Amino acid sequence: MRIILVGFGVVGKSVTTILARRYAEKVKDYGFNPKIVAIADIDGAVINPRGLSPEKLEAIKQRGFPISKDPDFGHPGMSALDVIESVEAEVVIEVTPVNIKNAEPALSHITKAFKTGKHVVTTNKGPLALAMPALTELADYNKVYLRFSGTVGGGTPMLEFAKRCLAGDKILAIRGILNGTTNYILTEMSQNRVTFQEALANAQKLGYAEREPSMDIDGFDTACKVVILANWIMNKKITLKDVDRTGIRDISLQALDEASNSGNTIKLIGSVDGGGRPTVKPTEIPKTDPLCVSGVLNAVTFSTEFAGEQTLVGRGAGGMETASAVLRDLLYIRQHLANKLLT
Ligand code: HSE
């Protein structure tokens, strides 16, 4: 499987690491033989149609920005769109930074990949939050796969669990803590009486927060994930503008204390059900609720018609965690191509 990697930040680098580390075992178990034939970043590209060796990938990582200075395979100034158009590959992995204003440049990368017959694996929430119904239709039209399991829950397979493991049931409602940064902030505030600003600064230092902190604390990141869950799991056709959203800026230590005195705490909860508008808002929940996880953890509860409530808990962010979701998606595509299924 020839792969074009678009974006070489934390997730992009982690993808090359995980592919190298799991290579032998995945070839053995799945006949999966991934070759990264190109990496495109903002300065240009590195291209080797025979596949960039693990040593070369390591050297590119070590050398850092700009990647296109590579003496053997560098193409300074070559755009990601040109790479996607001109380099032969089966899959594009799109891991550029999230942009929820117009979803670019990821949206153009993904549509270009579709139009040139390439499957797409992405961890980028922007294009899905703004145009998921159109993108899934375009993928179907071009008979290619679009997989995005790293967009919700990081390495924790929330989308896969609901879609595949609960396939025999009907999911009536979904509610969850879908953002590690806000959960970390609220946990620090309530358990350690740290101020909002201090907790946010720590989350940024630890690498959980988005580049633009408003994405996390004003609930946009959670809202993007609600959109993805609503479309993929509950067959809604919605985008970000359909979500009612309130962030955690106004949550005070006093409000957290009052909740605590009643055996509750406040969490930023994203939810969607069969009826009204999906919402993101700070919500008081009992400390005994399985959703009530601490720190940077994410948790989601699926309420189902027959199997009752199922809660999945795990780390929702991090380079290697998210890269494991990318590998999961690649294996999915590999298996489905081998079985000639397109579902
Ligand atoms: N900033 C996000 C979070 C990263 O804190 O959960 C993963 O989407």
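Modeller: Call a residue buried if its relative accessible area is under 20%, exposed if over 50% and partly exposed in between (1.4 Å probe, protein chains only). Start with helix H6 (158-165); helices (H or I, at least four residues) and strands (E, at least two) are DSSP runs, numbered from the N terminus. This is a predicted model, where local features need pLDDT of at least 70, side-chain atom pairs count only at pLDDT 80 or more, and totals for chains, interfaces and linings use all residues. Residues are numbered from 1 along each chain as its sequence is written, and side-chain values use heavy atoms, without hydrogens or water.

In H6, Met158, Leu159, Glu160, Phe161 and Ala162 are buried. These buried residues have several partners. They pack against H10, H12 and S7. They also pack against strand S8 (171-177), strand S12 (297-304) and strand S13 (308-315).

Now look at the rings. The model has 3 aromatic pairs (Phe, Tyr or Trp, its six-membered ring, with centres within 6.5 Å; planes under 30 degrees apart are stacked, over 60 edge-to-face, the rest tilted). One of them joins tyrosine 145 and tyrosine 332 edge-to-face, 5.9 Å centre to centre with 85° between the planes. This pair links distant parts of the chain, 187 residues apart. Tyrosine 145 lies in the loop between helix H5 (125-141) and strand S7 (146-147). Tyrosine 332 belongs to helix H12 (residues 319-338). Tyrosine 145 has 3% relative accessibility, so it counts as buried. Tyrosine 332 has 7%, so it is buried too.

Another pair is phenylalanine 148 with tryptophan 232. Their ring centres are 4.9 Å apart and their planes meet at 70°, so this pair is edge-to-face. Phenylalanine 148 sits in the loop between S7 and H6, and tryptophan 232 in helix H10 (residues 220-234), so the pair ties together parts 84 residues apart in sequence. Both phenylalanine 148 and tryptophan 232 are buried.

Charges meet rings as well. Arginine 147 places its charged end over the ring of tyrosine 332, 3.6 Å from the centre (NZ of Lys or CZ of Arg within 6 Å of the ring centre and within 35 degrees of the ring normal). Arginine 245 does likewise over the ring of phenylalanine 220, at 3.8 Å from the centre.

Last, two helices. The axes of H5 and H10 come within 9 Å and cross at roughly 45° (lines fitted to C-alpha atoms over the stretch in contact; angles run from 0 to 180 degrees between N-to-C directions). H5 brings Lys125, Leu128, Ala129, Met132 and Pro133 to the contact (heavy atoms within 4.5 Å). From H10 come residues including Asp221, Cys224, Ile228 and Trp232.
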